[in-house]
Structures are given as structure tokens and as C-alpha cells.
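I opened the notebook on a new model today.

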Amino acid sequence: MKNFSSKLTLPQKIIEVVCAAVLLVMVLGPIIFWGRLPDQIPGHFNGAGEIDRWASKWELLLMPMFSVFMYALLSAACWLIGESVRKGELPRSAYTWITGTKLVTIGNFAVIEWHSALARPMGTWLLPVVIALLAVLITGFLISALQFARNQKKE
């Protein structure tokens, strides 16, 4: 069994820094611009990006909370994946695929918060883009894990 380094690669570090910066903006943005926000904001968007519920601007404070929760959950998944990578049970790229998923998820929440703060519809682009990106990341993870397993059997 191979033992891999636990150090983050440059792309992984960049993803973590970007996620942290986006989360910081999501937390501070509503606080800084509170006086400029409309009293009613979109509380929910349907799959087509249209507003289907209006809410108080206080609900805007929930989005950073959901984002931090998802960041923590995906960070825990990264830690578990990292343990398997260090033990040689998964390829080194597995951690990068999961951190990419974290970036897409946090970015998705940030876009929703932005459109809510502006009190405007999102349009139809967000859902297909997020689904496509997550599909690529999940597929990449599965392919790399399967190839790794096949190579481990050959050894």
C-alpha cells in the first residue's frame, strides 16, 4: 500500500482560498449593504430562475449560513477522502474532484444570494450550468477512482 503526502496541491489551495473569500463576501456583503437592500427580496427561485416567492430581506442572512454549513460538510468529505488518499486507497486526484464540488456548491449559493440581494430573476442559465459542472466533477471522480482500482489490482 502506497502512502501519499497529505499536503494540498496548488489547485487545491487555490480552490480553498477562493471558497473562503466567497464565503467572507457572502457574510459581509449583506451586512455592509444592509441599508441599500430592498425590504422584499426573492425568497425562492424555480428551476427556470424565476422568482416564485418573496421574503423579507432578513432571509438573505440565511444564505451564508447554508453556505458555511455546506462548506463544512464538504470539508468533512474532503478530510475523509484525504485519509483514503493518504492510505493509498484512492487516487491523489480524488481530493481535487471533491474540492471542485465544494467550489461549485459555494459559487451556486453566492450567485443565488447576489440575485436575491438585487431582487431580480436569475434566468435559465444557473441550474443547467451547476448540474453540468457537478456532473463533470462526479464523473471525473468516479473515472479516476475506477482507473485507480483497476491499476491497484494489476499490481
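I began with the order of elements, and from the N terminus the protein reads α-β-β-α-α-α. The model is predicted. My tally of secondary structure is 4 helices and 2 strands.

Next I looked up the dimensions. The C-alpha trace spans about 65 × 30 × 20 Å along its principal axes.

I then checked burial and surface. Of the 155 residues in the protein, 35% are buried. The accessible surface is about 9500 Å². Carbon and sulfur atoms hold 71% of that surface.

I turned to contacts. Among those with a separation of 6 or more, 67% join residues 24 or more positions apart.

I noted 14 positive and 9 negative side chains. The centres of the two sets lie 12 Å apart.

Last, I took helix α4, residues 126-154.

Which residues of α4 are buried? I listed Leu126, Val130, Leu137, Gly140, Phe141, Ser144, Ala145 and Phe148. An α-helix has 3.6 residues a turn, so residues three or four places apart point the same way.

What do the buried residues of α4 pack against? I found α2 (62-86) and α3 (93-117) as their partners.

Terms used
Residues numbered from 1 in each chain as written. Predicted model: local features only at pLDDT ≥ 70, side-chain atom pairs only at ≥ 80, totals over all residues. Heavy atoms only, no water. Expected span 1.5 Å × (residues − 1). Buried < 20%, exposed > 50% of the residue type's maximum accessible area, 1.4 Å probe, protein only. Contact = heavy atoms within 4.5 Å. Areas by Shrake-Rupley, 256 points an atom, 1.4 Å probe, with all protein chains shown as cover. Lys, Arg positive; Asp, Glu negative; His and termini not counted. Charge placed at Lys NZ, Arg CZ, Asp CG, Glu CD.
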